[in-house]
Amino acid sequence: GPRGTAGIAGVPPLSVIDIDTFSITFEHCERRTDTAAPGDPRSDVHTRARVKWNVILAIDMNRGPLSFWILRDDITPDVFHRFNHLILLPQLKLPYGFRFPRTILCDALWDHLSQDHIVEIATAGHRIVARPASSPDMAPIESAFNKINQVLTRQRDDLSEANLLDSISSAILSITKEECREWFLNCHYEVPGLVRRPYMGAIAL
(Lines give C-alpha, C1' and ligand atoms only; values in the text may rest on other atoms or scores of the structure.)
Protein backbone atom coordinates (compact mmCIF):
# COMPACT_ATOMS: atom_id res chain seq x y z
CA GLY A 1 0.00 0.00 0.00
CA PRO A 2 1.02 3.66 -0.17
CA ARG A 3 3.62 4.74 2.34
CA GLY A 4 2.88 7.73 4.51
CA THR A 5 -0.13 8.48 6.67
CA ALA A 6 -3.07 6.16 7.05
CA GLY A 7 -5.61 7.37 4.51
CA ILE A 8 -3.33 10.14 3.18
CA ALA A 9 -0.97 8.76 0.55
CA GLY A 10 2.32 10.29 -0.47
CA VAL A 11 3.27 12.15 2.68
CA PRO A 12 7.04 11.64 2.89
CA PRO A 13 8.83 11.08 6.19
CA LEU A 14 11.15 13.63 7.78
CA SER A 15 8.96 16.50 6.68
CA VAL A 16 5.60 16.47 8.44
CA ILE A 17 4.19 19.31 10.54
CA ASP A 18 0.76 19.24 12.19
CA ILE A 19 -0.97 22.55 12.88
CA ASP A 20 -4.22 23.42 14.61
CA THR A 21 -5.85 25.80 17.05
CA PHE A 22 -7.34 25.42 20.50
CA SER A 23 -8.67 27.59 23.32
CA ILE A 24 -7.98 27.62 27.05
CA THR A 25 -10.49 29.20 29.40
CA PHE A 26 -9.56 30.11 32.95
CA GLU A 27 -12.37 30.81 35.39
CA HIS A 28 -11.81 32.49 38.72
CA CYS A 29 -13.71 34.35 41.40
CA GLU A 30 -13.50 38.09 41.91
CA ARG A 31 -14.82 40.16 44.78
CA ARG A 32 -17.45 42.55 43.53
CA THR A 33 -16.52 46.16 44.03
CA ASP A 34 -19.42 48.36 45.02
CA THR A 35 -20.20 51.10 47.50
CA ALA A 36 -21.33 48.81 50.28
CA ALA A 37 -20.03 49.79 53.68
CA PRO A 38 -17.58 47.49 55.48
CA GLY A 39 -19.46 44.62 57.08
CA ASP A 40 -22.37 44.95 54.67
CA PRO A 41 -23.13 41.44 53.25
CA ARG A 42 -23.13 42.90 49.75
CA SER A 43 -19.38 43.55 50.04
CA ASP A 44 -18.74 39.79 50.31
CA VAL A 45 -20.42 38.92 47.02
CA HIS A 46 -18.07 37.28 44.50
CA THR A 47 -18.51 37.06 40.77
CA ARG A 48 -17.02 34.47 38.44
CA ALA A 49 -14.76 35.87 35.72
CA ARG A 50 -13.49 34.05 32.65
CA VAL A 51 -10.25 34.62 30.80
CA LYS A 52 -9.86 32.99 27.40
CA TRP A 53 -6.65 32.54 25.43
CA ASN A 54 -6.57 31.19 21.88
CA VAL A 55 -3.55 29.25 20.62
CA ILE A 56 -2.17 28.39 17.19
CA LEU A 57 0.29 25.52 17.55
CA ALA A 58 2.53 23.72 15.05
CA ILE A 59 4.43 20.57 16.00
CA ASP A 60 7.17 18.96 13.94
CA MET A 61 7.58 15.22 13.66
CA ASN A 62 11.23 15.36 14.66
CA ARG A 63 11.69 18.73 16.38
CA GLY A 64 8.76 18.87 18.78
CA PRO A 65 6.92 22.21 19.19
CA LEU A 66 7.91 24.25 16.16
CA SER A 67 6.01 27.49 16.63
CA PHE A 68 3.02 28.84 18.51
CA TRP A 69 1.09 32.04 19.05
CA ILE A 70 -1.04 32.71 22.14
CA LEU A 71 -3.50 35.56 21.83
CA ARG A 72 -6.74 36.93 23.25
CA ASP A 73 -8.19 37.74 19.84
CA ASP A 74 -10.32 35.27 17.91
CA ILE A 75 -8.37 33.29 15.34
CA THR A 76 -9.53 34.53 11.96
CA PRO A 77 -8.07 33.94 8.48
CA ASP A 78 -6.20 37.25 8.85
CA VAL A 79 -4.71 36.18 12.19
CA PHE A 80 -3.61 32.87 10.70
CA HIS A 81 -2.07 34.71 7.75
CA ARG A 82 0.07 36.74 10.17
CA PHE A 83 1.10 33.59 12.04
CA ASN A 84 1.94 31.88 8.77
CA HIS A 85 3.81 34.84 7.29
CA LEU A 86 5.61 36.17 10.38
CA ILE A 87 6.19 33.07 12.53
CA LEU A 88 5.85 29.69 10.81
CA LEU A 89 7.36 30.22 7.35
CA PRO A 90 10.42 32.14 8.61
CA GLN A 91 11.18 29.21 10.93
CA LEU A 92 11.11 26.83 7.96
CA LYS A 93 13.42 28.98 5.84
CA LEU A 94 16.93 27.65 5.33
CA PRO A 95 20.01 29.83 4.68
CA TYR A 96 21.66 30.29 1.29
CA GLY A 97 18.44 29.63 -0.60
CA PHE A 98 18.29 25.92 0.26
CA ARG A 99 14.85 24.36 0.45
CA PHE A 100 13.61 21.47 2.55
CA PRO A 101 9.99 20.87 1.52
CA ARG A 102 7.60 20.27 4.41
CA THR A 103 4.12 18.81 4.44
CA ILE A 104 1.83 20.84 6.70
CA LEU A 105 -1.25 19.02 7.96
CA CYS A 106 -4.49 20.69 8.94
CA ASP A 107 -8.10 19.63 9.43
CA ALA A 108 -10.16 19.35 6.26
CA LEU A 109 -12.86 21.57 7.80
CA TRP A 110 -10.42 24.24 8.98
CA ASP A 111 -11.87 27.59 7.94
CA HIS A 112 -8.78 29.68 8.81
CA LEU A 113 -7.00 28.70 5.61
CA SER A 114 -7.57 30.66 2.39
CA GLN A 115 -6.29 30.13 -1.12
CA ASP A 116 -3.78 32.94 -0.56
CA HIS A 117 -2.31 31.04 2.40
CA ILE A 118 -1.97 27.88 0.33
CA VAL A 119 -0.24 29.81 -2.46
CA GLU A 120 2.16 31.46 0.01
CA ILE A 121 3.04 28.08 1.53
CA ALA A 122 3.50 26.54 -1.92
CA THR A 123 5.68 29.45 -3.06
CA ALA A 124 7.93 28.79 -0.06
CA GLY A 125 8.32 25.19 -1.29
CA HIS A 126 5.90 23.48 1.09
CA ARG A 127 2.43 22.03 0.73
CA ILE A 128 -0.80 21.74 2.69
CA VAL A 129 -2.43 18.33 3.16
CA ALA A 130 -5.92 18.15 4.67
CA ARG A 131 -6.48 15.52 7.30
CA PRO A 132 -9.90 13.84 7.10
CA ALA A 133 -12.38 15.88 9.09
CA SER A 134 -13.05 14.79 12.67
CA SER A 135 -10.29 12.17 12.64
CA PRO A 136 -8.29 12.64 15.86
CA ASP A 137 -6.62 9.28 15.23
CA MET A 138 -4.83 10.96 12.31
CA ALA A 139 -3.99 14.16 14.22
CA PRO A 140 -0.80 13.94 16.31
CA ILE A 141 -1.46 17.44 17.57
CA GLU A 142 -4.45 16.16 19.56
CA SER A 143 -1.97 14.39 21.83
CA ALA A 144 -0.11 17.69 22.22
CA PHE A 145 -3.34 19.42 23.27
CA ASN A 146 -4.01 16.63 25.78
CA LYS A 147 -0.57 17.03 27.36
CA ILE A 148 -0.94 20.82 27.59
CA ASN A 149 -4.29 20.38 29.35
CA GLN A 150 -2.81 17.80 31.73
CA VAL A 151 0.07 20.11 32.65
CA LEU A 152 -2.27 23.04 33.30
CA THR A 153 -4.65 20.85 35.29
CA ARG A 154 -1.81 19.79 37.60
CA GLN A 155 -1.00 23.48 38.12
CA ARG A 156 -4.61 24.51 38.64
CA ASP A 157 -4.16 25.70 42.23
CA ASP A 158 -1.30 27.97 41.22
CA LEU A 159 -2.87 29.46 38.09
CA SER A 160 -4.03 33.05 38.00
CA GLU A 161 -5.03 35.53 35.34
CA ALA A 162 -1.60 37.12 35.73
CA ASN A 163 0.43 33.96 35.09
CA LEU A 164 -1.85 32.04 32.70
CA LEU A 165 -0.04 33.19 29.56
CA ASP A 166 3.36 32.11 30.90
CA SER A 167 1.87 28.83 32.14
CA ILE A 168 0.46 28.00 28.70
CA SER A 169 3.83 28.78 27.09
CA SER A 170 5.66 26.57 29.60
CA ALA A 171 3.18 23.73 29.04
CA ILE A 172 3.77 23.90 25.27
CA LEU A 173 7.55 23.99 25.70
CA SER A 174 7.40 20.97 28.01
CA ILE A 175 6.52 18.82 24.98
CA THR A 176 9.59 16.88 23.88
CA LYS A 177 10.65 15.83 20.41
CA GLU A 178 10.54 12.21 21.59
CA GLU A 179 6.87 12.61 22.52
CA CYS A 180 6.11 14.15 19.12
CA ARG A 181 7.78 11.27 17.31
CA GLU A 182 5.68 8.82 19.33
CA TRP A 183 2.48 10.75 18.60
CA PHE A 184 3.12 10.82 14.86
CA LEU A 185 3.91 7.12 14.93
CA ASN A 186 0.69 6.37 16.82
CA CYS A 187 -1.22 8.20 14.07
CA HIS A 188 0.28 5.88 11.44
CA TYR A 189 2.91 8.23 10.06
CA GLU A 190 6.30 6.88 9.09
CA VAL A 191 8.82 8.08 11.65
CA PRO A 192 12.40 7.32 10.56
CA GLY A 193 14.26 5.28 13.13
CA LEU A 194 11.16 4.00 14.95
CA VAL A 195 8.88 1.03 14.42
CA ARG A 196 5.52 0.39 16.01
CA ARG A 197 5.05 -2.77 18.07
CA PRO A 198 1.36 -3.46 18.76
CA TYR A 199 0.42 -2.82 22.41
CA MET A 200 4.10 -2.26 23.33
CA GLY A 201 4.88 1.28 22.16
CA ALA A 202 7.67 2.38 19.84
CA ILE A 203 11.20 1.04 19.69
CA ALA A 204 14.26 2.44 17.95
CA LEU A 205 15.49 0.63 14.88
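The following dialogue goes through several features of this predicted model and how each of them is read.

Q: What kind of model is this, and how are its residues numbered?
A: This is a predicted model, in which local features need pLDDT of at least 70 and side-chain atom pairs count only at pLDDT 80 or more, whereas totals for chains, interfaces and linings use all residues. Residues are numbered from 1 along each chain as its sequence is written, and side-chain values use heavy atoms, with hydrogens and water left out.

Q: How many helices and strands does the protein chain have, and in what order do the elements run?
A: Helices (H or I, at least four residues) and strands (E, at least two) are DSSP runs, numbered from the N terminus. By that reading the protein chain has 5 helices and 9 strands, and from the N terminus on the elements run β-β-β-β-β-α-β-α-β-α-α-α-β-β. Of the contacts in the protein chain with a separation of 6 or more, 62% are accounted for by residues 24 or more positions apart, contact meaning heavy atoms within 4.5 Å.

Q: What share of the residues is buried, and what is the accessible surface of the protein chain?
A: A residue is called buried under 20% relative accessible area, exposed over 50%, and partly exposed in between (1.4 Å probe, protein chains only). Buried residues make up 41% of the 205 residues in the protein chain. Accessible areas come from the Shrake-Rupley method with a 1.4 Å probe, and for residues only the protein chains shown count as cover; the accessible surface of the protein chain comes to about 11,500 Å², of which 53% belongs to carbon and sulfur atoms.

Q: Which residues touch the most other members of the largest nonpolar core?
A: In soluble globular proteins, nonpolar side chains tend to be buried together. A nonpolar core is here a set of buried Ala, Val, Leu, Ile, Met, Phe, Trp, Tyr and Cys residues joined through side-chain atoms within 4.5 Å. The largest one has 32 residues, and Leu 57, Ile 148 and Ile 168 touch the most other members. Two or more residues each come from strand S3 (16–31), strand S4 (46–60), helix H3 (140–154), helix H4 (164–173) and helix H5 (177–186), with H3 giving the most, 6 residues. Leaving aside neighbours within four places in sequence, Leu 57 is in contact with several residues, including Phe 22, Phe 68, Ile 141, Phe 145, Ile 148 and Ile 172. A second, separate core has 18 residues, among them Ile 19, Ala 58, Leu 71 and Ile 121.

Q: Which residues of helix H2 are buried, and which are exposed?
A: In helix H2 (residues 115–123), the buried residues are His 117, Glu 120 and Ile 121. They cover an arc of only 95 degrees around the axis, which puts them on the same side of H2; the arc is that of the directions from the helix axis to the C-beta atoms. On the other side of H2, Gln 115, Asp 116 and Thr 123 are exposed. The buried residues of H2 pack against helix H1 (77–92), strand S6 (103–107) and strand S7 (127–131). One of them, His 117, has a relative accessible area of 3% and, leaving aside its neighbours within four places in sequence, is in contact with Pro 77, Phe 80, His 81, Asn 84 and His 112.

Q: What lies in the loop between H2 and S7?
A: Ala 124 is found there, and Ala 124 is partly exposed, with a relative accessible area of 29%. Gly 125, which also follows H2, has a positive phi near 95 degrees.

Q: How many aromatic pairs are there, and how are the rings placed?
A: A pair of aromatic rings is described by the distance of the centres and the angle of the planes. Rings of Phe, Tyr and Trp (its six-membered ring) pair if their centres lie within 6.5 Å, and planes under 30 degrees apart count as stacked, over 60 as edge-to-face and the rest as tilted. The count comes to 3 aromatic pairs. In one of these, the rings of Phe 80 and Phe 83 have their centres 6.2 Å apart and their planes at 35 degrees, so the pair is tilted. Phe 80 and Phe 83 both lie in helix H1, 3 residues apart, about one turn of the helix. Phe 184 and Tyr 189 form an edge-to-face pair, at 5.4 Å centre to centre and 75 degrees between the planes; Phe 184 is buried at 0% relative accessibility, and Tyr 189 is buried with a relative accessible area of 4%.
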